[in-house]
Amino acid sequence: MAFSFDELTKKAKDIASLAADKTKDAAEQVKTNVAIAGEQREMDKNYRTIGEWFVNEYEGEIPEAIREMVEAVNASKAKIAELEAAKEKEEPEEEEEEAPAQKVCPVCGNASDSKFCPQCGAPMGE
């Protein structure tokens, strides 16, 4: 059962071709799935816009079937406003950090806060 180099090469090419086809098919499927997910996000955004418009337009005339959902949305809006107000109260005022004291180089007179002068390289001292 001796295999010739030509047979081995042909089998390798067939396997590589099959793998390339499967990869191409998988890539196409991923592209399709991404496109579907994008369309679903767009559709959800449009439904949300329709719902917001409806609630704002018919504020006093909300049908009984969706009244609980509208009340839940309004409760969530109130809770968000409450949390944002509490967050603003809790945020500490940013204190300005003191800048490190500038030292003057004893050699060239350049000011710096580092240990060595960036101009001439001399030690800045204490």
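**Salt bridges, surface patch and pocket**

Glu42 and Lys45 form a salt bridge, with their closest N and O atoms 3.4 Å apart; the term denotes a side-chain nitrogen of Lys or Arg within 4 Å of a carboxyl oxygen of Asp or Glu. The model is predicted: local features need pLDDT of at least 70, side-chain atom pairs count only at pLDDT 80 or more, and totals for chains, interfaces and linings use all residues. Residues are numbered from 1 along each chain as its sequence is written, and side-chain values use heavy atoms, with hydrogens and water left out.

**Salt bridges**

- The structure holds five salt bridges, among them the Glu42 and Lys45 pair.
- Glu42 and Lys45 are three residues apart in helix 1 and so are separated by about one helical turn; helices (H or I, at least four residues) are DSSP runs, numbered from the N terminus.
- Glu42 is partly exposed at 36% relative accessible area, and Lys45 is partly exposed at 39%; buried means under 20%, exposed over 50%, and partly exposed in between, with a 1.4 Å probe and protein chains only.
- Asp14 pairs with Lys10 in a salt bridge whose closest N and O atoms are 3.7 Å apart.
- Because Asp14 and Lys10 are four residues apart in helix 1 (residues 5–57), about one helical turn separates them.
- Asp14 is partly exposed at 44%, whereas Lys10 is exposed at 54%.
- In helix 2 (residues 64–90), Lys79 and Glu82 are three residues apart, or about one helical turn, and their side chains meet in a salt bridge at 3.8 Å, N to O.

**Surface patch**

- Met43, Tyr47 and Ile50 make a nonpolar surface patch of about 350 Å²; patches consist of residues with over 30% relative accessible area and no salt bridge, nonpolar side chains (Val, Leu, Ile, Met, Phe, Trp, Tyr) being joined within 5 Å and like charges within 9 Å.
- Accessible areas come from the Shrake-Rupley method with a 1.4 Å probe.
- Ile50 lies in helix 1 and is exposed at 52%.

**Largest pocket**

- The largest pocket has a volume of about 190 Å³; a pocket is an open set of points on a 1 Å grid where a 1.4 Å probe fits, with protein on both sides within 12 Å along at least five of seven lines, and lining residues have an atom within 4 Å of a point.
- Residues lining the largest pocket include Tyr47, Arg48, Ile66 and Lys77.
- Helix 1 gives the largest share of this lining, six residues.
- By class, the lining has six nonpolar, two polar and three charged residues.

Definitions and conventions:
Helices (H or I, at least four residues) and strands (E, at least two) are DSSP runs, numbered from the N terminus. Grid points are joined across faces, edges and corners, and a volume is the space filled by probe spheres set on the points. Ala, Val, Leu, Ile, Met, Phe, Trp, Tyr, Cys and Pro count as nonpolar, Asp, Glu, Lys and Arg as charged, and the others, Gly among them, as polar.
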